[in-house]
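Please walk through this structure by its side-chain contacts.

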Amino acid sequence: MPKGPKAVLFCDTTFRDAHQSLLATRMKTEHMIPIAEKHDEAGFYSMEMWGGATFDTCMRFCGDDPWERLRVIRRHLKKTKTQMLLRGQNIVGYRNYADDVLIEFIKKAVFNGLDIFRIFDALNDFRNLEVAIKTVIDEGAHAQGTICYAISPVHTVEYYVAKAKELESMGVHSICIKDMAGMIAPYITYDIVKGMRDAGITLPINIHCHYTSGMAAMAYIKGVEAGANIVDVAISPMSVQTSQPAIEVMSAAWQGTEWDPGINMDICIELADYWKEIRPLYAAFDLAQKYPDAGILISQVPGGMMSNFLSQLQQANALHRLPEVMAEMPRVQEDFGWPPLVTPSSQIVGTQAVLNVLMGRYKMCPNESKQYMRGYYGRPPAPINEEARKAIIGDEKPITCRPADMLEPELPKAKELIAHCMEKEEDIISAAIYPQVAPKFLEERMAKKLKVDVELAKQSTQFYPV
């Protein structure tokens with residue numbers, strides 16, 4: 001299919017965010033490999049196939065080496081760029097890691113075949129992106145600076161434009177507007193993208209939306225009309241619900257226009273047939289809601305947070321207090337400086353709201369809330385309520401520097417931790433990020449290889465008896 005003069009580029013999320021959103025990130029590498037080359041032929045700009053929660057779940061649940069997944073998929077993608085989601089200084093974990101871990105992670109990712117790094121920070125504190133962006137650029141890869149979308153009194157069009165200008169000054173190659181909760185409205189999308197273009201930003205703009213509220217496809221249409229260049233999509237059997245809009249639908253929407261992406265629809269039909277057969281294999285994890293969640297447009301609480309609320313309240317025999325938690329949520333978010341509700345800030349704010357309802361406001365505060373108030377997650381979009389801070393950490397003075405400046409190098413300790421089962425340098429990085437998960441995975445990997453070696457030795461003696 002011929003591309004239009006302003007062809008929209010498609011980032012295919014089937015190998016990462018689609019199954020993270022729909023199937024609890026349980027997709028195994030063995031189900032990606034047979035269809036990878038067919039995805040490569042469809043005409044996508046990139047395939048997001050690494051990062052986010054996949055690094056953890058590869059080792060924890062799937063028995064896959066995340067580094068091997070990257071290498072193997074890279075070998076099958078000859079035309080399409082590989083892409084990952086990098087949580088800034090959090091890398092692919094849930095806390096800030098030392099610079100030595102982050103730098104080596106990026107170097108090894110590029111070495112193993114990663115092209116595009118989508119880099120974000122939960123608070124939009126771009127100090128937490130500085131080292132990541134610089135290292136990606138130094139390694140010759142593509143640095144996509146990301147702005148997390150939120151709705152609050154401080155998250156105005158002017159705020160997003162200013163953040164985009166900040167990313168541009170940091171040298172990024174493109175900018176992503178990340179709507180992780182699926183809340184962005186089409187005309188707001190238009191205003192934000194147009195505001196960036198009117199401000200003189202010429203970098204490619206990528207829009208990432210989840211379909212949760214049902215507005216994502218409309219947001220894409222208006223965003224592209226305003227000057228966006230790239231959208232995130234997934235093959236139809238792995239699309240919509242809490243995933244991204246469908247590749248085939250978005251391609252058809254622009255077909256014959258100046259934005260025609262030129263996607264091979266015949267190949268997409270083959271891809272859809274394949275994934276229709278694979279998705280049922282993960283039925284035990286296929287718990288995503290089957291219809292748009294209009295409630296999120298009012299509550300602004302993503303589905304993942306809602307499930308956590310229900311679980312926490314059920315354990316406390318207090319499900320009837322859910323309306324109180326929903327009312328407390330925006331109050332905590334305001335006290336905490338209006339952080340976007342994305343990992344890990346969503347968990348921090350949500351848990352604190354539940355505890356405030358059950359125990360009284362800030363009578364019980366988990367360590368994560370305390371570390372947040374101490375400044376160890378970064379600087380939120382708006383000033384923190386000082387009364388709330390005092391209630392949580394007393395008279396302690398928060399740090400004002402970049403949080404990672406407080407951390408000592410972590411790779412030497414990680415190397416000691418897995419010295420007995422290490423096979424390659426990447427194993428050290430895995431252990432530094434997941435010191436509880438990686439050693440167990442690496443030990444099991446070694447045991448499997450020893451078992452295979454023993455079996456091969458037994459077979460060889462059948463032909464060459466002693």
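H155 is buried, at a relative accessible area of 8%; buried means under 20% relative accessible area, exposed over 50%, and partly exposed in between, with a 1.4 Å probe and protein chains only. The residue lies in the loop between β5 (142–148) and α7 (157–169), where helices (H or I, at least four residues) and strands (E, at least two) are DSSP runs numbered from the N terminus. This is a predicted model, in which local features need pLDDT of at least 70 and side-chain atom pairs count only at pLDDT 80 or more, while totals for chains, interfaces and linings use all residues. Residues are numbered from 1 along each chain as its sequence is written, and side-chain values use heavy atoms, with hydrogens and water left out.

The side chain of H155 makes a polar contact of 2.6 Å with that of S152. A polar contact is a pair of N or O atoms within 3.5 Å; within protein, one must be able to donate a hydrogen and the other to accept it, and residues adjacent in sequence count only if both atoms are side-chain atoms. Leaving aside residues up to four places away in sequence, H155 touches A150, Y160, W338, P340 and P381, contact meaning heavy atoms within 4.5 Å.

Aromatic pairs come next. Rings of Phe, Tyr and Trp (its six-membered ring) pair if their centres lie within 6.5 Å; planes under 30 degrees apart count as stacked, over 60 as edge-to-face and the rest as tilted. By this rule there are 14 aromatic pairs. One of them is the edge-to-face pair of F55 and W67, with 5.7 Å between centres and 90° between planes. F55 belongs to helix α3 (residues 54–62) and W67 to helix α4 (residues 66–76), twelve residues apart. F55 counts as buried because its relative accessibility is 1%, and W67 is buried at 0%. A tilted pair is formed by F336 and Y372, at 5.0 Å centre to centre and 35° between the planes. Since F336 sits in the loop between α14 (322–335) and α15 (345–359) and Y372 in helix α16 (residues 367–373), this pair ties together parts 36 residues apart in sequence. Both F336 and Y372 are buried. Ring pairs also link W50, F55, W67 and F105 into a cluster.

Helix α4, which holds W67, is mostly covered, with eight of its eleven residues buried. Its buried residues pack against α1 (14–22), α2 (29–40), β2 (46–51), α3, α5 (99–111) and α19 (425–433). D65 caps the N-terminal end of α4, a side-chain oxygen lying 2.9 Å from the backbone nitrogen of W67.

Salt bridges remain. A salt bridge is a side-chain nitrogen of Lys or Arg within 4 Å of a carboxyl oxygen of Asp or Glu, and the whole structure has 37 of them. In helix α5, K107 and E104 lie three residues apart, about one turn of the helix, and their closest N and O atoms are 4.0 Å apart. K107 is partly exposed at 34% relative accessibility, as is E104 at 26%. K424 forms a salt bridge with D427, with 3.3 Å between the closest N and O atoms. K424 counts as buried at 18% relative accessibility, and D427 at 1%. Salt bridges with shared partners join D65, E423, K424, D427, R445 and K449 into one network.
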